[in-house]
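Me: I would like to learn how to read the features of a model such as this one. Please take them one at a time.

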Amino acid sequence: MPARDQRGAAPDPTDLRVTPPAEGSGPVRGDDGPHGGRGTPFTFRHDGRTVTAYPGETIGAALLAAGVRALRPSGFDARPRGLFCGIGACFDCLVTVDGDGPVRACLAAAAPDTEVEVHDVPRQR
Ligand code: FES
């Protein structure tokens, strides 16, 4: 039986949208020093929305901090896939960056003004 959300509705496994963080909540990355001691933030685009990242952060880390957990549909049953191993071994985090891909979001460094998109995986059935 599929898990249900707080309203009792069964989740749609093909819906990759996420609820954005509440207005003004900001990313959770510590609070010591300017910008949490992480350097000067920059932005990139992910499926039409602007995401903030910090120097040295991977695309996957920045998207996770922005509340994005599903990065692509699986090729077998189109269920959402996202960061799983976080070390480049599972390939669940594939994205397209500026039209090139697949790229593992857990390994690729976020860069200013890039366009990160869902990586379309060919269906297996
Ligand atoms: S999360 Fe496993 S390869 Fe990226």
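This is a predicted model: local features need pLDDT of at least 70, side-chain atom pairs count only at pLDDT 80 or more; totals for chains, interfaces and linings use all residues.

Me: In which strand is Pro102 found?

Reply: Helices (H or I, at least four residues) and strands (E, at least two) are DSSP runs, numbered from the N terminus. Pro102 is found in strand β6. Residues are numbered from 1 along each chain as its sequence is written.

Me: What is the strand order of the open sheet?

Reply: Strands of a sheet pair through backbone hydrogen bonds, either parallel or antiparallel. Two strands count as paired if DSSP finds at least two bridges between them. Here an open sheet of five strands has the order β2-β1-β7-β5-β6, and its pairing is mixed. At the edges are β2 (49–53) and β6 (100–104), each of which pairs on one side only.

Me: Which strands run parallel, and how many bridges join them?

Reply: Strands β1 (residues 42–46) and β7 (residues 115–118) run parallel and are joined by two bridges. His46 has Val116 as its bridge partner in β7. By contrast, β5 and β7 run antiparallel, with three bridges, and β5 also pairs with β6 in the antiparallel sense over three bridges. Val95 has Val118 as its bridge partner in β7 and stands opposite Val103 in β6.

Me: Which residues have the most contacts inside the largest nonpolar core?

Reply: A nonpolar core is a set of buried Ala, Val, Leu, Ile, Met, Phe, Trp, Tyr and Cys residues joined through C-beta atoms within 7 Å. A residue is buried if 20 or more other C-beta atoms lie within 10 Å of its own, exposed if 12 or fewer, and partly exposed in between, with C-beta atoms placed from the backbone. The largest core has 18 residues, and those with the most contacts inside it are Ile59, Ala62, Leu63, Cys93, Val95 and Ala105. Two or more residues each come from β2, α1 (59–65) and β5 (94–97). The largest share, five residues, belongs to α1.

Me: Where is Asp47 found, and is Asp113 buried or exposed?

Reply: Asp47 is found in the loop between β1 and β2. Its phi is positive, about 45°, although Asp47 is not a glycine. Asp47 is partly exposed because 15 other C-beta atoms lie within 10 Å. Asp113 is in the loop between β6 and β7, and its phi is also positive, near 60°. Asp113 is exposed, with 9 other C-beta atoms within 10 Å.
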